[in-house]
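Q: Please take a close look at one part of this structure, the nonpolar core and the helix packing beside it. How is that part built?

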Amino acid sequence: MGSPRLAMVGAFVIGGLLLFAVGLFLIGDRRLLFSEQFEVEADFGNVAGVEIGTSVRLSGLPAGEVIGIAIPGEPGGRFVVRMRVREDLHALVRADSEAAILSDGLLGSAYIQLRAGTGAAPLVADGGSLAGVDAVEMSDLIVEGRETFRIAADEMTRMRAELSATFGDLGDTVTATNRLLAEVGTGVRMMSEASADLVAESRGLVADVRTVMSTVAAGQDAVEDVLRETEAAMGAVRGSAQEVERAIVRFSGPGSVTDRLLDDARTAMRHAREVMADVADNTEALKRNWLFRGFFAERGFYNLDELTRDEYRALEADERYTVLRVWLAADRLFEEGGEGADGTLMLRVDAGRRIDEAMGELLQYPRTSPLVVEGYSTLREDGPRMNDARRRAELVHDHVARTFGRPAGATAAMPLGAEAPDSPARDGRWDGVALTLFVETERLAGTAAEQ
Amino acid sequence: MRGFVRTVIVPWLAQGGRVVVFAGRALREMFRPPFEVRETARQVYEVGWRSLPLIAAAGYAVGIVMSMHTRASLERFGAEALIPAALALALVRETGPLVVGLLVSGRVGAGIGAELGAMKVTEQIDALEAVAVDSFKFLVVTRVAACMLAMPILTVVMNFTGIVGGWTAESAVSGMGFESYFRAAFSLVQFTDYLPGTLKTMVFGFIIAVTASYLGVHASGGTQGVGQAATRSVVTASVLMIATNVVLVRLIFFVFPETAE
């Protein structure tokens with residue numbers, strides 16, 4: 001065997017041993033075997049995840065490792081964990097330092113975190129003790145999380161109750177505001193009428209005076225005294241009339257008391273409308289909030305525009321509502337073409353009257369009851385049929401909304417195709433529209449009792 | 001049944017007994033002079049030095065593959081920081097020693113079996129005996145010693161090249177620096193992982209060399225017998241090594257309980 005081969009063997013063995021030594025050094029260096037160190041102890045009630053070799057950090061800096069765990073001699077005792085810490089960090093480990101068992105994330109291994117002490121406290125001696133803070137276990141966190149969720153659920157329930165009460169109060173306030181505005185309106189009307197009467201009376205008085213004047217003029221000089229007296233009376237009457245006019249101006253002119261009152265009333269009305277609009281917006285937002293969606297759905301708040309046909313059909317079976325329908329046939333309501341001559345559907349000239357008559361049957365019920373204009377069509381193909389039904393429903397809906405000024409969100413158009421089980425037609429189909437009012441069953445009973 | 005026992009079981013057990021005696025003799029002769037240093041060095045060159053490229057390339061590739069697999073698993077839990085440590089632990093504890101054992105078994109075991117088998121069937125071993133050379137000490141003990149010496153070194157090379165391969169894969173993904181990767185890799189490795197994992201490959205080397213040498217020096221039937229010896233050396237050594245590994249792991253857990261945690 002030649003020298004080169006022997007050299008290779010030597011290189012192989014020495015290189016391998018060096019590499020092996022590098023591994024040993026890396027492990028030893030981490031375990032502080034090649035640097036100065038000191039030992040400290042800390043006691044814990046629970047040492048979950050801690051073992052010999054568990055790393056020790058001082059304020060996040062790698063500082064050493066656990067070198068021993070002493071088991072307590074009796075139940076209830078505390079485990080004493082002995083740690084080896086880098087000597088260069090000794091100045092930070094004081095008598096008031098604390099040792100806590102922490103975990104590197106959910107999957108990470110446990111480590112011991114030493115909190116640097118304060119400058120006032122003395123250094124911990126080699127082999128000295130620190131206060132230990134027990135580990136937080138996942139099971140404890142789960143129990144705590146469950147308790148938190150329970151409290152949150154209770155809080156939500158309470159909020160729901162308060163919200164219900166708030167909505168009730170808001171309703172009362174709106175009712176009271178309406179009543180107040182109605183009373184103010186009545187008062188203003190009465191004042192206006194009184195002013196008008198005053199003006200009429202003044203005009204009558206002036207006419208009478210003019211008559212007297214003409215009579216006096218006809219009597220010529222014979223009655224000059226009477227004339228003078230009459231002129232004096234006229235002056236007095238004129239003064240009275242001017243007083244009356246001033247009074248009227250005070251009541252009805254620009255900047256008058258009535259005007260200011262009306263301005264105040266208008267301002268109050270505008271604010272009330274803004275508040276109600278905000279409340280409506282917030283309520284709509286709440287209805288869409290997943291936390292409150294169930295709350296509103298349970299109380300019958302539906303967004304008619306978002307209902308699908310099947311959801312709408314299911315709504316018909318809701319016992320909280322009584323469904324009242326008025327059927328209108330298509331041939332009496334609609335006609336093709338019109339002025340545009342583009343073949344689009346439009347209402348006949350007399351359709352408005354028919355719709356108004358049909359609505360007349362429903363006006364006796366509360367205005368807030370949801371009104372759905374159901375569109376039906378018996379066209380053969382699905383697409384054109386639904387399109388026709390939708391167009392019919394929308395035309396009638398627009399007329400109703402325009403004519404009767406129904407509350408926003410309480411009126412909708414719903415194309416339903418051809419199937420109409422309750423229709424007057426015997427085949428269970430309908431060609432036209434149906435005005436469908438959803439009256440709360442409780443309210444319906446109240447209305448019937450009133451009648 | 002009795003015939004099966006007499007014709008199959010008894011000869012199989014006898015063969016096992018002969019192998020154990022052969023291994024015991026090899027172990028005993030290893031510590032008795034004269035020591036065939038030059039022949040041992042030549043075998044270290046054959047077994048160790050010439051296996052280095054294979055081991056280094058395999059280790060590098062294994063490191064890359066393991067890093068990719070480890071990343072795919074750990075990043076689901078947001079534990080990418082543990083990738084170097086997990087890779088190093090797996091390599092040092094088990095993957096490195098076992099892969100080195102299988103590679104050396106394939107490359108060296110077959111070589112020893114074929115070489116000694118050829119010497120046997122061409123009566124070169126008898127010729128050595130005729131010139132008063134202890135053929136067992138010269139041919140078998142030197143190979144066993146060389147394997148036992150080379151295996152831990154090859155394992156260390158496999159572990160380090162594996163970590164370098166892991167760093168290559170990791171730096172391509174996250175741009176991690178070599179030094180920080182290396183320190184992170186050894187952050188969880190303990191002496192009780194590193195030393196038993198590395199030194200147990202001496203046992204693997206012993207098994208490979210003894211099995212291949214036994215089958216080689218007992219080869220018969222010309223070139224066909226040489227081929228059989230080579231093939232059986234690889235298969236038997238690999239199976240024995242894997243089976244022994246199970247026992248060794250259990251033994252390591254028993255001696256160093258913290259490695260089982």
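A: The largest nonpolar core contains 70 residues, and those with the most contacts inside it are B:Val44, B:Ala88, B:Val144, B:Cys147, B:Ala150, B:Leu154 and B:Ile208. Such a core is a set of buried Ala, Val, Leu, Ile, Met, Phe, Trp, Tyr and Cys residues joined through C-beta atoms within 7 Å, where buried means that 20 or more other C-beta atoms lie within 10 Å of the residue's own, with C-beta atoms placed from the backbone. The largest share of this core, 19 residues, comes from α6(B); helices are DSSP runs (H or I, at least four residues), numbered from the N terminus.

This is a predicted model, in which local features need pLDDT of at least 70 and side-chain atom pairs count only at pLDDT 80 or more, while totals for chains, interfaces and linings use all residues. Residues are numbered from 1 along each chain as its sequence is written, and chains are lettered from A and ligands numbered from 1 in the order in which they are written.

Helix α2 (residues 37–47) of chain B packs with helix α6 (residues 135–174) of chain B at an angle of about 50 degrees, their axes 8 Å apart. α2(B) is therefore oblique to α6(B), a term for angles that are not under 35 degrees (roughly parallel), over 145 (roughly antiparallel) or 65 to 115 (roughly perpendicular). Axes are lines fitted to C-alpha atoms over the stretch in contact, and angles run from 0 to 180 degrees between N-to-C directions.

Among the residues making the contact are B:Val44 of α2(B) and B:Cys147 of α6(B); contact requires C-beta atoms, placed from the backbone, within 7 Å.

Conventions:
Helix = DSSP H or I, 4+ residues; strand = E, 2+ residues; numbered from the N terminus. Contact = placed C-beta atoms within 7 Å. Buried ≥ 20, exposed ≤ 12 C-beta atoms within 10 Å, placed from the backbone.
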